[in-house]
Amino acid sequence: MTQTLPVGLSATAVVAASSANLGPGFDSLGLALSLYDQIVIETAESGLTVFVEGEGAGQVPLDETHLVVRAINKGLQAVGYSAPGLIVRCRNDIPHSRGLGSSAAAVVGGLAAVNGLVTQTGCEPMDDTRLIQLASEFEGHPDNAAAAVLGGAVVSWTEAAGSVNGEPRYSAVPVRLHPDIRLFSAVPQQRSSTAETRVLLPEQVSHVDARFNLSRAALLVVALSERPDLLMSATQDVLHQPQRAAAMPASAEYLAILRRCGIAAVLSGAGPSVLGLSAQVGLPAEALEYGTAHGFTVTEMSVGAGVRWTAGAVVRN
């Protein structure tokens, strides 16, 4: 039986950006970044009011189709609650359609905010495993979602069946990131979407290419956790980045320049943002000059934390 939340409850969630694939780890490796969205929700007597500031303001829908609202409703349904009305406030710092996990952040943030509401009624909050499952059901793979939930670096995978609702079962485990690794994001003005660039990928790949990426993805786990000196070899990819290059030539060129300068650069998710991983301090002048000349915002980042939600004055990870 569904219970109705009382009017006047509020909750807050803070959720990180993320980068998926990391080169060879297509749809399986992810990394949270220190760029955050904040979601505040309140239960109201009736209706739905959505406010958005920052990224996406004036562009995203302000009704039931808003991704955060959809996630809130999914989370409430999962724990057996409904809300008579909602006020949803989103403060977005994560760029949209740039390959930095803004959709996953919206979903994970909405679900986590539900935890903040229902725990005030004595309901047990959804744990990380359930958050990953529910969030991954929106997009069909858990790389960005798991990174947003757990923080840090993650390895994720999908099993064909096993969840209660008939969806595939989505899982992830954290990977300890070596403390010497520095992260650099390069975000262009150009936008892209996973759906637009995924159609560029062939349905079949050769055994040679599959073997190449398998070896690099396995090596990347070692490079991320223990051997940063192996990052250049470990971030090589032949399955998706070359195929997407024509759709984002400036990003493809920047990736090549960074790698030529010794920075293990990859497309962030489906692009067009580029992520650099390196044990060295700062970026070479050539890389900085190209970024400035071609409209990239280049920022050194730290590793993002897992989603945090607040019920009353208590913040839980």
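Select Arg-89 to begin the tour. With a relative accessibility of 35%, Arg-89 counts as partly exposed. The model on the screen is a predicted one. Is Glu-42 buried, partly exposed or exposed? Its relative accessibility is 26%, and Glu-42 therefore counts as partly exposed.

**Further salt bridges**

How many salt bridges does the structure hold? There are 6 salt bridges in the structure. Side chains of opposite charge can pair when their charged atoms come close.

Next, select Glu-300 and Arg-182. Their side chains form a salt bridge, at 2.9 Å from N to O. Distant parts of the chain are linked by this pair: Glu-300 belongs to strand β12 (residues 297-301) and Arg-182 to strand β9 (residues 182-187), 118 residues apart. Glu-300 counts as partly exposed, at 41% relative accessibility. Arg-182 also counts as partly exposed, with a value of 30%.

Proceed to Glu-286 and Arg-260, whose side chains meet in a salt bridge of 2.7 Å, N to O. Which elements does this pair tie together? Glu-286 lies in helix α10 (residues 285-293) and Arg-260 in helix α9 (residues 249-260), so the bridge ties together parts that are 26 residues apart in sequence. Glu-286 is partly exposed, at 39% relative accessibility. Arg-260, at 54%, counts as exposed; the cut-off for that class is over 50%.

**A buried valine and its surroundings**

Select Val-108, which is placed in helix α2 (residues 102-118). Is Val-108 buried or exposed? The relative accessible area of Val-108 is 1%, so this residue is buried. Display the residues around Val-108. Leaving aside residues up to four places away in sequence, Val-108 touches Val-15, Ala-135, Ala-145, Ala-148, Val-149 and Val-307. Then draw a line from the C-alpha of Val-108 to the C-alpha of Ala-146: the two residues are 38 residues apart in sequence and 8.9 Å apart in space.

Select helix α3 (residues 128-139) together with helix α4 (residues 143-150); their axes come within 9 Å and cross at roughly 145 degrees. The crossing of α3 and α4 is right-handed. Which residues make the contact? From α3, they are Asp-128, Leu-131, Ile-132, Ala-135 and Ser-136; from α4, they are Ala-145, Ala-146, Val-149 and Leu-150. Sorted by class, the contact of α3 with α4 has 7 nonpolar, 1 polar and 1 charged residues. Ala-135, Ala-145 and Val-149 were also among the residues that Val-108 touches.

**Backbone features**

Most residues other than glycine have a negative phi, and most peptide bonds are trans. The following stops concern the backbone.

Select Asn-21, in strand β2 (residues 10-21). Asn-21 is not a glycine, and its phi is positive, near 75 degrees. At 4% relative accessibility, Asn-21 counts as buried. Move on to Asp-27, which is in strand β3. Asp-27 has a positive phi of about 60 degrees, although it is not a glycine either. Its relative accessibility of 22% makes Asp-27 partly exposed.

Now select Gly-271 and Pro-272. What kind of peptide bond joins Gly-271 and Pro-272? It is a cis peptide bond, with omega about 5 degrees. Pro-272 is located in the loop between β10 (264-267) and β11 (274-278).

**Another proline in a loop**

Select Pro-168, in the loop between β7 (153-159) and β8 (169-175). Pro-168 counts as partly exposed, at 22% relative accessibility.

**Confidence in the model**

Finally, colour the chain by pLDDT. The chain averages a pLDDT of 94, and 96% of the residues score at least 70. Where does pLDDT stay under 50? This is the case over residues 313-317, for which the model has 10 contacts beyond four places in sequence. Where pLDDT is low, the predicted coordinates should not be read in detail.

Technical notes. Residues numbered from 1 in each chain as written. Predicted model: local features only at pLDDT ≥ 70, side-chain atom pairs only at ≥ 80, totals over all residues. Heavy atoms only, no water. Helix = DSSP H or I, 4+ residues; strand = E, 2+ residues; numbered from the N terminus. Buried < 20%, exposed > 50% of the residue type's maximum accessible area, 1.4 Å probe, protein only. Contact = heavy atoms within 4.5 Å. Salt bridge = Lys/Arg side-chain N within 4 Å of Asp/Glu carboxyl O. Axes fitted to C-alpha atoms, helices over the stretch in contact; angles between N-to-C directions. Left-handed = near helix turned anticlockwise from the far one by under 90°. Nonpolar A, V, L, I, M, F, W, Y, C, P; charged D, E, K, R; others polar. pLDDT = per-residue confidence, 0-100.
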